[in-house]
Amino acid sequence: MSTRSPATAAPATVPAAPATSSAAPAAADLVRCRWCTDDPLYVRYHDGEWGVPSRDPRHLFEMLILEGFQAGLSWITILRRREALRAALLDFDPEALARTDEAWVQDRMQDATLIRNRLKLRAAGANARAWLALPDPVGLVWSVVGGRPVIHHYAAPEDAPVAGPEAEALSRLLKRHGFTFVGPTICQSYLQAIGCLMDHTTDCHRHRALAG
C-alpha cells in the first residue's frame, strides 16, 4: 500500500468481522497490516472493507469522494467523520450532488462536524457531474487493472509504491474526464481501498482470504 494512510471500499455498511469460536483466534489476536491501529473503527474497516473488490457504482463513487476529502489528512479522520459526511453529502448520491451549487457549499462550510474545505466540497459536486457523464464509470475504474484485482505479495506496507502505474493511469483518465482531487497518490489509495489492488501484506490474516 502507499505510504499515506489507506483509503476505503465496499458497501457503506461495512460487513461485520466473522464471529470467533474456540477454534479461531479472537479478532484482537489476528495479525493485520501494520498501518491498522487497535482503534475499533480501523479494525472493522481493515477486516471487512479494505481491499475487498467492489463493483458497486454507488460505493465506488463514495470512496472516490472520501479519498478526495482525505487529502492532507489521516484516514482515521475520514472514518470518524464518515457518517457525518454521508449525511451532509446527500448519501453520496451522484445525481443529488450534481445539482449542488455555491450556496450549498457555503451552507456546509458552517457545519463543524464536517471537514470544512471549500475546494473539497466543490469537488464533490463537480466529480458527481463528471461521474454521471461517464457511460460506464465502473468499467473505467477497473480498466486500469484489466478488470481483475491485481494481487500483490508485499511483506511490508512500505514495499508498495506511493503511486504505481495503475494509479498514474487512473489519475490521467479521471482528469481527462473533468475530475478533481484525483492525483496519483489519491488514486493509489483508492485502488487499494476498492480492491483493484490487493495490498494486504503477506503476514496479514486478510491476505490469504483475498489472494484467492
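Q: What should I know about the model and its numbering before I start?
A: This is a predicted model, in which local features need pLDDT of at least 70 and side-chain atom pairs count only at pLDDT 80 or more, while totals for chains, interfaces and linings use all residues. Residues are numbered from 1 along each chain as its sequence is written, and side-chain values use heavy atoms, with hydrogens and water left out.

Q: Which residues does the UniProt annotation "binding site" cover?
A: UniProt positions are given in the numbering used here, feature names are shortened, and annotations may be inferred rather than shown by experiment. In the unreviewed UniProt entry, the annotation covers C33, H46, H200 and C204. They span 172 residues in sequence, yet no two of their C-alpha atoms are more than 10.2 Å apart, so they gather at one spot.

Q: Is H46 buried or exposed?
A: Buried means under 20% relative accessible area, exposed over 50%, and partly exposed in between (1.4 Å probe, protein chains only). H46 counts as buried because its relative accessibility is 0%, and C33, at 1%, counts as buried too. Contact means heavy atoms within 4.5 Å; leaving aside neighbours within four places in sequence, the contacts of C33 include H46, H200 and C204.

Q: Which residues touch the most other members of the largest nonpolar core?
A: In soluble globular proteins, nonpolar side chains tend to be buried together. A nonpolar core is a set of buried Ala, Val, Leu, Ile, Met, Phe, Trp, Tyr and Cys residues joined through side-chain atoms within 4.5 Å. Here the largest one has 55 residues, of which Y45, F69, L89 and Y190 touch the most other members. Helix α2 (residues 57–70) gives the most to this core, with seven residues; helices (H or I, at least four residues) and strands (E, at least two) are DSSP runs, numbered from the N terminus.

Q: Where does L90 lie, and what is its phi?
A: L90 is placed in the loop between α4 (82–88) and α5 (94–97), and although L90 is not a glycine, its phi is positive, at about 60 degrees. With 29% relative accessibility, L90 counts as partly exposed.

Q: How does F92 read on the points of phi and burial?
A: F92 lies in the loop between α4 and α5, and its phi is near 55 degrees, a positive value in a residue other than glycine. At 0% relative accessibility, F92 counts as buried.
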